[in-house]
Amino acid sequence: MDLEQVYKEQYGPLVGFINRRLGDLARSEELAQEAFVRAIRNRPSNPRSWLYTVAANLVRDEGRRIAVRRHHLRLVATSVTDEVAADEELVRRQRQERIQAALAELPERHRQALMLKEQGFSYDEIAEQLGLSAGSMGTTLARARKRLVEAWDRQQQQRGASDAAR
């Protein structure tokens, strides 16, 4: 049987055979064409059987390539995710350092009052810890927060100035 006749009879079914395995019609057509190109080079004695064997091998090879690509994409995605996580951790650490620096600028009483409030202590408990009257805790915490905001703003301005200097 001549290959031209085999092509006319078998191209469509061969594409269907490949497509059922790959699920990608365009790629299936390419692989069917590749099988026919190989048939032209090799001139098999039983072209139909030979074409389907070659097509099955091409599908298997394609599956391997797809698996390798997916693996590489997972590695890249993992790498990017790790880099993002590392960047986020760095930003979190830098922010924590700036918060600590801003807190360090506060008077000890204000720093303690804020830390105790952050830990969930009530005004009465904070007042007892600091040796202050419970009635003054609202004012003390308001001043502490105001000073913390001012210290934070200074930290941000210093950071901006040092970033601009780079």
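Ile18 is in contact (heavy atoms within 4.5 Å) with Ser28, Leu31, Ala32, Ala55 and Val59, leaving aside its neighbours within four places in sequence. The model is predicted: local features need pLDDT of at least 70, side-chain atom pairs count only at pLDDT 80 or more, and totals for chains, interfaces and linings use all residues. Residues are numbered from 1 along each chain as its sequence is written, and side-chain values use heavy atoms, with hydrogens and water left out.

Ile18 belongs to the residues with the most contacts inside the largest nonpolar core, together with Leu14, Phe17, Ala32, Ala35, Phe36 and Leu51. A nonpolar core is a set of buried Ala, Val, Leu, Ile, Met, Phe, Trp, Tyr and Cys residues joined through side-chain atoms within 4.5 Å. Buried means under 20% relative accessible area, exposed over 50%, and partly exposed in between (1.4 Å probe, protein chains only). This core has 18 residues. Two or more residues each come from α1, α2 (25–42) and α3. Helix α1 gives the most, with 7 residues. Another core, of 11 residues, lies apart from it and includes Ala113, Leu116, Ile126 and Leu141.

Individual residues were then examined. Gln10 sits in helix α1 (residues 3–22). Its relative accessibility is 11%, so Gln10 counts as buried. Beyond neighbours within four places in sequence, Gln10 is in contact with Phe36, Arg48 and Tyr52. Val54 is found in helix α3. Val54 also counts as buried, because its relative accessibility is 9%. Not counting residues up to four places away in sequence, Val54 touches Ala35 and Arg38. Ala104 lies in helix α3 (residues 47–104). Ala104 is exposed, with a relative accessible area of 55%. Its C-alpha atom is 9.3 Å from that of Leu148, 44 residues apart along the chain.

The protein chain has 6 helices and 0 strands. Helices (H or I, at least four residues) and strands (E, at least two) are DSSP runs, numbered from the N terminus. The radius of gyration is 36 Å, well over the 15 Å that the globule rule gives for 166 residues, so the protein chain is more spread out than a compact globule. This radius is taken over C-alpha atoms, and the rule is 2.2 Å times the number of residues to the power 0.38. The C-alpha trace spans about 105 × 40 × 20 Å along its principal axes. Of the 166 residues, 24% count as buried.
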